[in-house]
Amino acid sequence: MTKTKQTTKTTFRLPIGPIHPALKEPVMFEFEIDGEKIVDVGVRLGHVHRAIEWAGTRRNPIQILYLAERICGICSYCHPMSFALAVERIADIQVPERAEYLRVIQAELERICSHILWAGVAAHEIGFDSVLFLTWEMREKALDLTEYLTGNRITKGITMIGGVRRDITPDMHPKIRETLRYFKEHFEKLRHIFLDDKTVRMRCQGAGVLTKEHALGLCAVGPTTRASGVKKDVRCDQPYFAFGDLEFDYITPDVLTGEVNGDVYDRVIVRLLEVKQSIDLIEQCLDKMPSGDIVSEPKLAKLLSQLKKARGEGIGRMEAPRGEVIHYVRLTENDAPFAWKVRAPTYNNILPWIPMLKGQQIADIPIVAASTDPCMSCTNRVAVVHQNNRYTLTGEDLHKMSIRKTRRMQQ
Amino acid sequence: MTNHTILTPEQLVQSFQEKFSTDITNPRIERRTSGIKKIEFVHIWMNVSNNAFKDAIKHLISLHPSPHFAVASGYDLGDTIELVYHFSLYYGLTHKEISLNMTVPLPKTNPVIDTITDLIPGALISEQEKQEMLGVVVKGIPTNTRVFISDDFPENMYPWRRDETGPASQVRNLHEVKK
């Protein structure tokens with residue numbers, strides 16, 4: 001007589017985070033797994049909460065510029081700029097035209113650096129480490145240019161309320177054009193690696209799909225939402241700086257392929273096309289650069305007293321590499337703002353992770369999460385608890401699972 | 001994309017005022033320009049009273065099927081807590097996007113507001129944040145956990161408040177600790 005074993009099929013919970021190599025920002029996921037498939041996703045945030053907004057209520061607006069720069073390393077230009085936009089609108093400060101063009105050049109240069117960094121990380125998640133090295137070597141050229149223009153590679157310190165702090169004089173243009181030429185020559189190589197490779201297609205097409213309805217309902221922003229066919233780009237929608245003067249359009253995947261699927265492959269397409277768009281925008285700015293001042297009020301003491309008289313509330317929105325950044329500022333009779341609210345784009349792109357990951361496999365978690373380009377990078381381990389057995393999957397293991405899937409698909 | 005009519009800022013404000021009369025106060029339309037071509041952009045601000053808030057959002061959705069919800073800011077004014085919901089309409093049409101900011105004042109003795117996650121699912125994280133940072137109670141919120149503050153942070157302490165429930169005791173001034 002055979003003994004029948006009574007087993008109950010059940011899902012088990014896989015917590016990933018708060019710190020994990022697949023995620024560039026510490027965030028806590030709890031996945032419900034059935035075999036290898038993800039059934040449900042729960043998200044918790046707050047692991048890098050540094051009370052920056054609270055610190056801002058104790059500093060004057062110029063000090064806040066430097067504080068805002070350190071909210072994020074990769075979008076270190078967008079936060080102080082959005083804050084400056086909000087304050088300029090409250091205080092009715094007119095930014096000189098030359099400064100608006102300079103601001104565009106810096107913004108697009110940051111976009112190039114960020115998208116190329118992302119391309120390397122996405123390749124690494126799939127398992128193509130040599131592409132990581134290749135793209136980050138290209139990024140070095142962009143960072144060298146940033147250092148030449150601003151003095152720093154990452155936290156540029158170029159923002160000032162009313163303009164920018166450093167000029168781009170005509171003798172600097174040859175170096176800029178040389179770097180842009182380098183990118184144009186190598187862009188085709190990058191495009192060929194990412195879009196023509198069979199394995200990249202197999203891993204990315206059909207993975208992590210975000211439908212247009214979900215993108216609209218969850219208010220996703222940036223390349224994540226444009227890849228799902230939603231045309232949201234603050235530069236085109238509500239022009240700031242000099243974007244209203246420049247010729248460019250929304251980038252959605254149908255520009256290249258003629259169709260919109262909303263998967264990881266579409267996000268790769270959107271980001272690569274945006275690099276090309278940024279190169280074109282910088283060239284347009286260099287050609288059309290007007291003459292004039294680079295800042296509305298160069299003396300800081302005078303600027304501070306002007307800001308102290310400002311009253312009211314305002315918002316500053318701009319299109320960071322990851323999406324819309326919005327800052328809300330309220331100024332009263334004190335030196336420091338009464339209220340300052342920062343919203344980085346990744347926070348709007350966290351909820352879309354849930355529909356993207358449902359139905360996917362565990363090995364797809366790194367590439368799908370990385371495809372929305374969340375904002376920082378760390379490593380740690382993952383604990384899987386199944387009934388009474390507890391075993392640990394290190395970050396290394398999860399990454400290896402992702403690579404093993406690639407090798408399996410290549411056979 | 002444009003299966004709804006594009007209203008001018010004045011028409012937008014008027015449509016709210018016609019529907020909600022005294023519940024909409026202090027409307028402001030700010031027009032600014034940027035660049036050499038002086039392309040114009042518009043920010044609309046209005047105060048919406050709490051009891052009309054949910055209907056105002058429904059009205060907004062009738063004007064534009066998927067308004068973009070950016071974030072909800074909030075601050076403590078002493079006796080009231082004001083939440084500012086930042087929306088934007090008409091994205092996707094070059095140079096036509098309008099920002100609409102709705103300020104909702106809540107009395108500190110009863111800071112309860114309706115959730116809008118049934119209409120705009122993307123508002124969830126922002127509403128959770130207001131609950132933990134300001135002590136606002138969002139009626140009907142689907143997930144009632146903390147989102148930005150860790151679980152071991154004291155209960156009934158609200159970091160953005162400026163009264164006795166503020167975070168003063170949690171602040172570590174290094175110069176006082178002599179580190």
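**Labels and their rules**

Modeller: Take chain B: among its contacts (heavy atoms within 4.5 Å) between residues at least 6 apart in sequence, 53% join residues at least 24 apart. The model is predicted, so local features need pLDDT of at least 70 and side-chain atom pairs pLDDT 80 or more, while totals for chains, interfaces and linings use all residues. Residues are numbered from 1 along each chain as its sequence is written, chains are lettered from A and ligands numbered from 1 in the order written, and side-chain values use heavy atoms, without hydrogens and water.

Colleague: What makes up the secondary structure of chain B?

Modeller: Four helices and seven strands. These are DSSP runs, numbered from the N terminus: helices are H or I with at least four residues, strands are E with at least two. Along the sequence the pattern is α-β-β-α-β-β-β-β-α-β-α. The C-alpha atoms fill a box of roughly 60 × 40 × 30 Å along the principal axes.

Colleague: What makes A:R343 and A:E324 a salt bridge?

Modeller: The rule asks for a side-chain nitrogen of Lys or Arg within 4 Å of a carboxyl oxygen of Asp or Glu. The closest N and O atoms of A:R343 and A:E324 are 2.8 Å apart, and the pair passes. A:R343 lies in strand β8 (residues 339-343) and A:E324 in strand β7 (residues 323-331) of chain A, so the bridge ties together parts 19 residues apart in sequence.

Colleague: How do you know that B:D114 and B:K139 form one?

Modeller: Their closest N and O atoms are 3.8 Å apart, and they form a salt bridge. B:D114 is in strand β6 (residues 112-114) and B:K139 in strand β7 (residues 137-139) of chain B, 25 residues apart. B:D114 has 26% relative accessibility, so it is partly exposed. B:K139 has 51%, so it is exposed.

Colleague: How do you know how much area chains A and B bury?

Modeller: Buried area is the accessible area (1.4 Å probe) that two parts lose on being put together, summed over both. Here the value is about 4300 Å², with 56% from carbon and sulfur atoms. The contact takes 56 residues from chain B and 51 from chain A.

Colleague: What holds charges across that contact?

Modeller: There are four salt bridges between chain B and chain A. One of them pairs A:E97 with B:K38, at 3.7 Å, N to O. On the side of chain B that touches chain A, β3(B) gives the most, with eight residues.

How values were computed:
Buried means under 20% relative accessible area, exposed over 50%, partly exposed in between (1.4 Å probe, protein chains only).
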